[in-house]
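Work through the following exercises with the coordinates open, and try each task before reading its solution.

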Amino acid sequence: MSRRTRLLLVLGAITGAGLFVLLAWSTGSASRLAQFHELLVYLNVALALGLFGWVLGLSIKLIRQLRRNKFGARLTARFAVAFALIGVLPGALIYTVSIQFMSRSIESWFNVRVDSALDAGLALGREALDAQLNELDTRARSLLPSFANASDAELPALLDRVLEITGVREAAVITSSGRPVAFVTEKLSTLLPQGPPAGVLQRLRLSGSYASAETVSNQAIEGDPSGLILRVILPLGSSAQTPGALVRSEVRWLQLIKAVPEELVMNAEEVREGYRDYQELALSRDGLRQLFAVTLTLALLLAVFAAMAVALFLSKRLVQPLLALASGTRAVSIGDFRPLNEPPQNDEVGQLTRSFNAMTRQLEEARRLVDMNRRQLEQSKLYTEGILANLSAGVLVFDEQFRITLFNQGAQSILGVDLRSAKGRPLETVPGALPLATTIKRSFSHLTATDSERLHWQEQFDINLAGDDAPDKPHTTTLLARGTHLSMDGRGNGYVVVFDDITAVISANRTVAWGEVARRMAHEIKNPLTPIQLSAERLAMKLGDRLEPNDAQLLTRATNTIVNQVTSLKHMVDEFREYARKPVVVFKPVDLNHVIEEVLILYGWDPNTEVSAADASGVLFESHLTDGLPLVRGDQTQLRQVIHNLLSNSRDAFSEQGQGGTIRVTTEQINATDNSQPAIRLVVSDDGPGFSAQLLQQAFEPYVTTKAHGTGLGLAIVKKIVDEHGGYIDLSNRRDGGARITIVLVPMESEVDDIADEDDNHGSN
Amino acid sequence: MVFARQLLTICLTWVCVTFMTISGVAHADEQARASVQRIEPLVVSGQLLLDVNLELKLNDRMRQALSRGVPLTFLLELEVNAPRWWWFDKSIVDTRLVRRLSYNTLTRTWRVTTGDFSVPAASYEEALKLLSTVRNWPVVLTDRFEPDETYIGAVRFSLDNDQLARPLQMDSARDNWILGSAWKTFDFSIRRNSSSPSDTEVKQ
């Protein structure tokens with residue numbers, strides 16, 4: 001509630017109370033406010049109407065809120081009714097009692113005894129006056145004979161006597177027209193007698209005498225304090241005895257005026273006024289009752305309406321903080337944690353609001369913590385997912401019905417299929433994954449069937465996958481897979497399979513195995529070869545002369561065959577030995593470019609043009625060597641053989657196809673990135689047919705060749721040498737066709753590490 | 001809430017009933033009447049005097065009050081306006097004559113008082129006659145009026161309720177205490193006589 005509203009309310013209350021007090025005042029008949037009584041009544045009625053309007057407005061508002069089920073309306077209504085009852089019921093009670101009391105008491109004022117007492121009092125007054133008047137009349141009459149036959153000149157003396165005897169204030173003889181003939185008074189200032197009132201003279205002629213008490217209208221002029229006089233007028237008879245008088249017929253009157261004793265007058269007046277007031281009241285008793293009734297009713301109305309208005313108003317105010325709290329609760333329930341306005345009062349509601357705000361703050365804090373935790377959890381989950389996605393191994397998660405629920409990028413790239421559309425479906429529906437699915441199911445059923453203590457199975461198997469470049473030519477990939485039951489919340493609800501492409505691992509294993517075989521073979525085979533050759537030559541030499549020419553010829557052919565085959569066998573064994581030879585390498589700083597140039601010269605390469613002329617089969621060599629390369633740590637002879645092998649491989653590939661082409665040799669330095677060492681890259685590429693998918697998998701294994709006359713050891717030896725040098729080699733096909741062999745070698749600077757690697761190599765071999 | 005509405009209805013009904021019972025006691029007996037019969041303006045020594053004859057009849061309630069010594073005050077009101085076509089009429093005279101009719105219960109005499117001057121009357125009829133005849137009421141000096149200009153005067157006679165006792169004013173039967181004649185109009189003009197100061201007036 002604003003300050004202005006409060007001020008207005010207080011002003012209104014004061015005005016209303018003042019109005020009513022004025023009205024109550026104005027009901028008194030002696031009040032100066034009496035003349036405004038009517039106006040005040042109307043003002044109060046207007047006030048009551050205003051209050052009624054207010055009450056009506058507030059009630060209608062409340063009822064409407066109740067209808068609409070507005071929150072808090074019910075409580076407000078209950079408060080309002082309670083307050084209104086407290087205000088209205090006592091008011092109504094007091095009103096009823098007052099009205100009853102008032103009508104009874106007003107009636108009781110006007111009882112018969114008071115009435116008759118006043119009447120009697122008035123009669124008493126009249127009696128007193130009459131008695132005085134009678135006495136005066138009697139005395140006057142007793143004096144009348146002395147006036148008989150008195151001449152005009154004697155009259156003042158006579159009147160003086162009358163004055164003395166009767167004690168009247170004024171005595172006069174007047175004619176019938178009212179003219180004074182003689183006049184005597186106590187008061188010297190008075191020059192003329194007080195004439196009888198109009199109409200009295202006419203009546204005198206009829207009645208013959210007059211005796212009456214009169215009120216003096218103007219006391220100041222008459223100088224009569226009492227205000228009441230007694231006037232007696234008696235006929236003096238005709239003055240026929242006066243001789244010579246012109247107006248014989250004229251009748252004369254004696255007028256006596258006597259002041260009523262002051263005490264009597266006062267008492268009589270008192271009685272008269274009392275009587276008048278009483279009669280006035282008696283006449284207007286209905287009016288009185290109405291006066292009080294109106295005032296009382298107005299009081300009741302004002303009180304009732306004011307009480308109701310205040311009740312409605314107060315209840316609203318009382319309920320307001322509770323409503324604020326309630327709306328605050330609602331706001332909290334939908335996540336709005338703004339604090340409420342705290343009321344300035346230090347009462348219970350204020351405390352409630354404060355503790356509510358404290359609770360809200362705690363809630364908000366808690367929610368913030370929960371949010372933070374959730375975000376951290378999400379982040380860690382994202383992190384886990386990221387790890388899973390970037391894992392090179394394939395991960396597949398199935399539900400109980402072997403429908404895919406989760407897979408990672410590794411699985412897709414190993415299997416070469418797009419699993420995104422397969423989510424929620426069995427793995428069998430994915431094209432090309434049927435063998436894998438069968439294997440996985442079988443393995444899981446085996447694991448269940450054996451009831452093993454182990455928690456996982458492990459299986460290695462080959463599957464045929466469609467190659468990226470040639471979908472019609474599937475290549476075989478060896479996979480190592482492990483599967484476990486997925487156990488979450490203490491119950492089995494799925495399967496996890498992790499698998500990896502281990503083709504390269506197997507290839508490496510084969511390489512090692514082949515080396516061992518070759519070494520033993522060479523050792524075992526080479527020993528008997530020389531005696532076989534020598535024996536054959538000796539047979540030919542010793543027996544050739546002794547045989548028939550035909551036989552000799554046969555012998556020569558046979559021995560030649562033996563010798564040739566043994567030579568060939570020897571050559572083969574040498575190559576084996578070369579492959580399986582324990583490396584006795586001496587690492588020295590080697591200029592790689594120089595070694596490459598030396599080898600290229602053998603192929604007709606011109607160091608000036610850096611290009612060779614095309615040879616008979618149309619193959620030419622081209623070099624893009626970067627100057628200033630750091631020296632490579634390595635064995636010059638072996639590196640030479642590596643380059644030689646690569647170049648001849650390429651050339652052989654062209655010659656088999658029977659077409660020409662360009663073989664490009666490139667060296668460059670790879671600058672160090674974050675943690676990796678600087679390195680030197682050697683790339684030999686051509687625009688020939690490239691490698692087949694099968695060959696890419698197994699190129700480094702011995703006896704894998706596409707050549708008609710190759711031993712299949714060329715690339716195996718290259719791989720071995722590069723490995724020994726601590727570098728690595730990669731075979732791939734260029735995007736625009738042709739093969740591409742990349743060798744990365746470490747430069748001289750990082751000698752220490754490489755020596756350690758070398759030791760490892762020694763150990764493993 | 002329903003209870004509060006019922007309570008309100010009960011209160012309102014009650015108030016209405018109370019008012020009706022209080023005012024329902026009203027009963028009108030014989031009607032009091034007053035009318036202005038004759039108005040005669042005349043000019044004496046430069047002053048406008050007014051003779052007014054009234055017909056007056058009081059009701060029983062008033063007579064009862066009078067006979068019990070309650071005085072009644074009457075007003076004779078006079079207004080004289082100069083007509084103005086362009087605005088409200090200009091008010092020239094607005095005066096009143098206060099007359100008081102009383103009965104002295106002690107001396108059993110009637111009295112009609114005009115200002116400081118009071119006239120006794122032997123009977124009610126006489127007093128009423130005195131009351132309803134106004135002679136030579138000095139209203140205003142004639143120099144307030146333009147000569148040969150027509151003026152409209154209006155006279156009204158009424159009972160002065162304000163002088164009644166408060167409870168009588170509040171009497172439920174208010175009609176008992178209402179007495180007033182209609183405004184009686186008359187027009188006149190002053191003709192200035194160059195030779196003598198006494199002027200003549202034109203009546204209606």
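**Exercise 1.** Find the residues with which A:Leu646 is in contact, leaving aside its neighbours within four places in sequence, and then describe the core to which the residue belongs.

*Solution.* Step one applies the contact criterion, under which the C-beta atoms of two residues, placed from the backbone, lie within 7 Å; with the neighbours within four places in sequence left aside, A:Leu646 is in contact with A:Val684, A:Val718 and A:Ile741. The model is a predicted one, in which local features need pLDDT of at least 70 and side-chain atom pairs count only at pLDDT 80 or more, whereas totals for chains, interfaces and linings use all residues. Residues are numbered from 1 along each chain as its sequence is written, while chains are lettered from A and ligands numbered from 1 in the order in which they are written.

Step two turns to the nonpolar core, a set of buried Ala, Val, Leu, Ile, Met, Phe, Trp, Tyr and Cys residues joined through C-beta atoms within 7 Å, where buried means that 20 or more other C-beta atoms lie within 10 Å of a residue's own, exposed that 12 or fewer do, and partly exposed in between. The largest such core has 42 residues, and those touching the most other members include A:Leu646, A:Leu592 and A:Val718. Helix α16 of chain A (residues 636–657) gives this core its largest share, seven residues, helices (H or I, at least four residues) and strands (E, at least two) being DSSP runs numbered from the N terminus. The core lies between domain 4 (508–580) and domain 5 (588–764) of chain A, because both give residues to it; the domain bounds come from an automatic or database domain assignment.

**Exercise 2.** Where does α13(A) bend, and by about how many degrees?

*Solution.* The bend, defined as the angle between axes fitted to the seven residues ending at a residue and the seven starting there, is about 25 degrees at A:Lys526, and A:Pro528 follows within four residues. Along this helix, A:Trp514, A:Ala518, A:Ala522 and A:Ala536 are buried.

**Exercise 3.** Decide whether B:Arg108 and B:Asn136 are exposed or partly exposed, and locate each of them in chain B.

*Solution.* B:Arg108, found in the loop between β4 (90–104) and β5 (109–114) of chain B, has 13 other C-beta atoms within 10 Å and is therefore partly exposed; its phi is positive, about 55 degrees, although it is not a glycine. B:Asn136 sits in strand β7 (residues 133–141) of chain B, and with 10 other C-beta atoms within 10 Å it is exposed; phi of B:Asn136 is near 50 degrees.
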